[in-house]
Amino acid sequence: MKINVKLVGAFRVDRFREEVREYRAGTSVREVIDGLQLSEQILGFALINGIHAEFEAILQDGDSLTILPVLDGG
Amino acid sequence: MKFATTDPATNPSAVFYKQCTIDLQTGEMSFSDVPCRNLEDVLGGFGRSFQDLAQRQIDSAYCDENPLIVNTGLLTGSTAMTGMRTYFSGYSPIKGSKVGLPAAMWSTGSGKFGAKFKWTGLDELIFENRSAQPVYVVIKESAVGPQVQLKSADHLLGLSTHDKIMSLQKDYPDAHFAAIGPAGENWQNNYMGAVALSTENQLKSKEDKCRFAGRGGMGSLMGYKNILALVAQSSDKQAKPSELVKAANRNVIEGGGSARIQPISRGGGGGTWAAYDVLQEFHAVPVNNFRPQGNAIPEKLFRENVEKEYDIKSEACYRCGITCHNNVSEKNADGSKGEFLAKFDYEPLNLLGTNVGIHDAGQAARLIQLGDNYGMDAISLGVTISYALAYNERHPEKPILNGAFFGDFEKICELIVQAGKGELPEIGKGSMRLSEKLGETSYAYHVKGLEIAAYQPESNPGYAWAIAGGHMSMGTYGLLTREGKSDLDSWVQGITEDKLHIVGFDMIGLCKFFDIAKGIGTQMVVDCLKSEFDFDVSTDDLRAAVRRAFLRGLALELRQGYSKEEFRVPAEVYEDPNPNIKLPNITSPEFLEQLEKRVWGIFEPELEGLLD
């Protein structure tokens, strides 16, 4: 299935900003994160089609997944 | 401090703090070892100072009865990482209720002044009345205990925060400093004066890399008292950390709340600046006085775009491994580092950048630097200016002040300089007073008279219950954006329980980045207290003390005349909702009404007797 993956902030460094990527059916958000080797240290949250989602959520073909670093302080 | 107990929660009076009270009018001073009233006193910071402020009925910030209390926290100067904080407390010139009474306030910053102050042997300094002449105050250690001297400060008058510190360093090369700028000196027309705190980096590099206790105009109160600077002169006394503290410090770096704001090169997010990227995903980066436009304009100040043209160096406070500073300098033609410009933290960068229509990093840096040099709170300054620019945008035929509009760098510079010199009270006295004078209050982005931080109020109705400004005394700023919570139950729980604990750091002497999400009621802090003082304190003891201190702040606000209607985000947010913000609406009048009812229903019964 095709998932539009968007990375935010430091996750873009040496990776990409937005990319349509191919995954097997039943892939979870967590598996995408692990596959991209995103740092747990700064892992914040994920949006599926703009809505906050659990890392265990299963993606559907055509979903847009945004992965963001944590938001902390100012 | 002196400790005659290992159980300060049940036996606080066996803990004594060294206090010096100075009558600035007469020069008389007295020292005493004061027994603590409760665990809040033991922890220090605002937990102690607010109890003292509660004992005074103050009707005007600029009166002799309003003290300036300078103190530290229990872990300031300890081996616990980030233990650098100094606290300045008093009734605020800028934050006040609609009936005209000033609110109690504290402000805090890092730098090395706090540790040096603590190492003189003094825990708290209370300034009474005001000096007839400008003075600076030297606090130094001696064989017979801490000593305090008042000295003429005529030679410091008119100097910037940085230049005052540089001047004093020549006379006190082994000391650290707290100084106001011209804004604080011109306290009559500037209520947002900050206190600059010197850093090791600043004293070595001679670059203006101060830290600031900015919020609430404590620098203006200091200016009113005619104190231009404080000098803390002591030998360094930081011991080698114990295994317990080493483990806690390691956890701060590797597993605690700070890991995410470390430099990108270490796998972190790159300091608080990283908030830009996250908030932009929701079109929730403040633009042109908190009205995001649903476009990509904030991206111009994304780190990835700024670093193409400027040199960005990750640096840290003294012996802090978090390294959250992003110091921005010009980049020379050969790619080497040029002149230092400013430190890019999320708040100043946004509020003196994108939110005033400035999208050029060099210009934003200059505005931040100007505000810092004149010694003003970047949040209050930026938000008051953005209000004035918004007014001019709405009234192009009859603009106020110098007629500045969003993005007009030169004219915004003028506003900052004039405000810093005390020549522009319209800006210097903050957005509440300016908006009331102009009769257009709905888009003045303050709550309870104190300008809000750079998180859209649409994402944070918790601002209303923050007791010392915006996000740093109520940690709900990420509850919707980060955690996705848009239901009433989560917000009631966040405001009345989980997120108020952020203020614990403003008692104990640690920076919030020690563990921003969890507060001080953690095993890490318990271990540090055991190791440093042989204290047996539980996480429950700490949480209870923090809650009491927070509620005392809320009770003090009500005593100073705030009506419940003042505990609300700016009216524009719910009267004219911004359709560009891509977040669930949690600031409708209905939601706010329910939230207020339930939050007060929990808080109010607990407020009784807290100020007795």
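Helix axes in these legends are lines fitted to C-alpha atoms over the stretch in contact, and angles run from 0 to 180 degrees between N-to-C directions. The model is predicted, so that local features need pLDDT of at least 70 and side-chain atom pairs count only at pLDDT 80 or more, while totals for chains, interfaces and linings use all residues. Residues are numbered from 1 along each chain as its sequence is written, and chains are lettered from A and ligands numbered from 1 in the order in which they are written.

**View 1. Helices H17 and H22 of chain B cross at roughly 40°.** The axes of H17(B), residues 488-496, and H22(B), residues 589-607, come within 10 Å (helices are DSSP runs of H or I with at least four residues, strands are runs of E with at least two, and both are numbered from the N terminus). Among the residues that make the contact are Leu488(B) and Trp491(B) of H17(B), and Leu595(B) and Phe603(B) of H22(B) (contact requires C-beta atoms, placed from the backbone, within 7 Å).

**View 2. Strands S8 and S9 of chain B form a hairpin.** Tyr136(B) has Lys151(B) of S9(B) as its bridge partner, and in the turn Gly145(B) has a positive phi of about 110°.

**View 3. Chain B touches chain A.** Here 29 residues of chain B are in contact with 19 residues of chain A, and H9(B) gives the largest share of the chain B side, 3 residues.

Conventions:
Contact = placed C-beta atoms within 7 Å. Pairing = 2+ DSSP bridges.
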